[in-house]
Amino acid sequence: MHERGKSDRPVVPRKSANKDAAIQRSCVGGVDGGKGPGQGQFGPAKQNPGTVPDTELQHALDRIRAAARSDKKMRFTTLWHHVYDVDRLRRSFGRLKPKAAAGIDGETWATYSNDLENHLDDLSGRLQRGAYRAKPVKRVYIPKADGRKRPIGIPTLEDKLVQSAAVEVLSAVYESDFKGFSYGFRPGRGAHNALDALSVGLTHKKVNWVLDADIRGFFDAIDHEWLIKFIEHRIADRRVLRHVKKWLNAGVLEDGKRYRPERGTPQGGSISPLLANIYLHYVFDLWADQWRRREAQGDVIIVRYADDFVVGFEHRHEAERFVADLKDRFAKFGLQLHPDKTRLIEFGRDARRNRRERGEGKPETFNFLGFTHICGVTRRGGFIVRRQTDANRRRAKLRELKEQLRCRMHDSIGDVGSWLGRVVQGHFAYYAVPLNSKALAQFRFALVGLWHKTLNRRSQRAYVPVDRMKRIADQWLPKPRILHPYPNERLKLVTTRGRSPVR
C-alpha cells in the first residue's frame, strides 16, 4: 500500500481520540473536532444485498489514516483499488445530488440509477483497466454579490462519481497533514468553525493588525505542474496521478468550443476543493506556519478558508514584512494577492484607543465568510469582536428574492409563505450568531416589505392592510433568534504557535 521513509518500523494504527475530549484547536494550528457543514460528508450510503458492509469500507480508510499519521514521509503506492471498489462507488453515487445539472453527456442521476449496478460494474471495470476517460466540464456562469458572474464547471455524472470516491480516499491521507487553521472544504469543518477560531484568536491573543487577504483568481491560477509535484510528496500510485492529470487536462466546453487551460481547476468538480487545499497547504500553510515560528517575535494568528484568509499580528512591522515575503512566495507559484481585496488594517483590543489618541476615527472593519468584523465594546468596557451580516450580501440576497417574488406573484399566500419560511430559516441558520440580532431583524423586515409590495400588485383590488400583513408574516416567517453559541463556548481552546494553550 505504501513506501516507507527512512524508518522500516511497522505501522501500528493509533487509537482515535475521544471526540468529546479532543477539544477544538483553532487559528494557530490545531484540529477541530466539532461538527460543521461538512459533517456527514462521508456518511453511509444505502446498502444493497450482497454488498460489502459500510464498516469495512471505513476500516480501509482508517488504516490509511493510521499509516499517514504514523509516518509523515510515507508515499502511498497502492490506493487506486480503493477508488474503483464498486461499493465505494455506490456510496459516492449516494452522495450525489439527484437534481444536479447534467454535464455535456446529458446523463442525469435518475437515468443512471435506472440500471445502477450494471453502470457501476462497467465503470469499475474501466477504472481498473485504465479505459476510463475524463470528459470536459460544461461551463456556466452564476451571479456574484458584486454583480459580476462566477464561472463554474459542471462535470459529467461519472466524473463526479469517481472524483467523489477519489476525494474520500485521498482525504484519508491528507487530513493528517493539513494544518489546524485550514477550514475550507474539509470533513467535519465548516465556515462557523473558522469564524469562531478567528474571533477567539482576535480576542485572546495580542493582535493589533489584521491582514485581510484574497488570492486573485486562485482556482484559475493553480499551476498544474506544481500541483502534481505537491501530490507526489504523498502519493506514488501512478494510477491516481494519471487520473488527476486527466481531470486537470479534460478542459472546458463553452459555446460548443473546447478549451484546455494550462492552469486552474474547474470549479464545480468534486475533487477541485481538495486539490486547491493541497496546493495552498504547500504554497501557503506550511510556509506561513514556519514564518511565524522563525520570523515573528509577537503573536500571529492565521485562519484560512479556501482562498480567503486572515492573518493577525501583534506588531505592524512584522505584518508589513509578512506581506512582502508572501508576495514573493506567491509569485514563485503563479499566485498573487488581489490588490482590491487585500488590506492591512489596525484591528484589535487597543485599536479604538490608539486611533482616538491620534485623532482618527473608529477602527476599520473587514469582511470574512459573509460577516463584517467590528471592534466592539462590552458593557463593562472590554474588547469584543462583533460580527454582523455583510451588508452587500444581504442586499444581493434581497434583490434575488425580489425577482423570485415577482415570478411567484400569483401563487397562493400559503405556497409563497412556506417557501419564504424556508428561506428565512436558512438565512438564520448561517447568520444567527451572537450580537447579530439587529441585522437578522433588518433582513426579515425588508423581506416582509418585499412580500407586501408583491401582494399589493397582484391586482387593483389586492391591497393588503399593514396589520394583516403582519399577521401573515408572523404565521409563515420565523422571528429572529440567536442559534449559535458564543465563539469561546464552541471553541474551548486556542493553541498559540502549537505550544502554550490559552483557555
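Is Glu360 buried, exposed or partly exposed? Glu360 is partly exposed, because its relative accessible area is 37%, which lies between the 20% and 50% cut-offs. The model discussed here is predicted.

**Packing of H5 and H6**

- Two packed helices are described by the angle between their axes and the distance between the axes.
- For helix H5 (residues 116–129) and helix H6 (residues 157–174), the axes come within 12 Å and cross at roughly 65 degrees.
- That angle makes H5 roughly perpendicular to H6, since the class runs from 65 to 115 degrees.
- The crossing of H5 past H6 is right-handed.
- On the H5 side, the contact is made by Leu120, Leu123, Arg126 and Leu127; on the H6 side, by Glu158, Leu161 and Val162.
- Sorted by class, the contact of H5 with H6 has five nonpolar residues, two charged residues and no polar ones.

- Side chains of opposite charge can pair when their charged atoms come close.
- Asp122 pairs with Arg126 in a salt bridge, with 2.9 Å between the closest N and O atoms.
- Both residues, Asp122 and Arg126, belong to helix H5 and are four residues apart, about one turn of the helix.
- Arg126 also takes part in the contact of H5 with H6.
- Arg126 counts as buried because its relative accessibility is 16%, under the 20% cut-off.
- Asp122 has a relative accessibility of 40% and therefore counts as partly exposed.

- Arg358 and Glu346 meet through their side chains in a salt bridge, at 2.4 Å from N to O.
- Arg358 lies in the loop between helix H13 (351–357) and strand E11 (366–368), and Glu346 in strand E10 (residues 343–346), so this pair ties together parts that are twelve residues apart in sequence.
- With 45% relative accessibility, Arg358 counts as partly exposed, whereas Glu346, at 7%, counts as buried.
- A further salt bridge joins Arg355 to Glu360, where the closest N and O atoms are 3.5 Å apart.

**A salt-bridge network**

- Arg88, Arg91, Arg95 and Glu168 are linked to one another in a network of salt bridges.

Conventions. Residues are numbered from 1 along each chain as its sequence is written. This is a predicted model: local features need pLDDT of at least 70, side-chain atom pairs count only at pLDDT 80 or more; totals for chains, interfaces and linings use all residues. Side-chain values use heavy atoms; hydrogens and water are left out. Axes are lines fitted to C-alpha atoms, for helices over the stretch in contact, and angles run from 0 to 180 degrees between N-to-C directions. Helices (H or I, at least four residues) and strands (E, at least two) are DSSP runs, numbered from the N terminus. Angles under 35 degrees count as roughly parallel, over 145 as roughly antiparallel, 65 to 115 as roughly perpendicular and the rest as oblique. A crossing is left-handed if the near helix is turned anticlockwise from the far one by less than a right angle, and right-handed if clockwise. Contact means heavy atoms within 4.5 Å. Ala, Val, Leu, Ile, Met, Phe, Trp, Tyr, Cys and Pro count as nonpolar, Asp, Glu, Lys and Arg as charged, and the others, Gly among them, as polar. A salt bridge is a side-chain nitrogen of Lys or Arg within 4 Å of a carboxyl oxygen of Asp or Glu. Buried means under 20% relative accessible area, exposed over 50%, partly exposed in between (1.4 Å probe, protein chains only).
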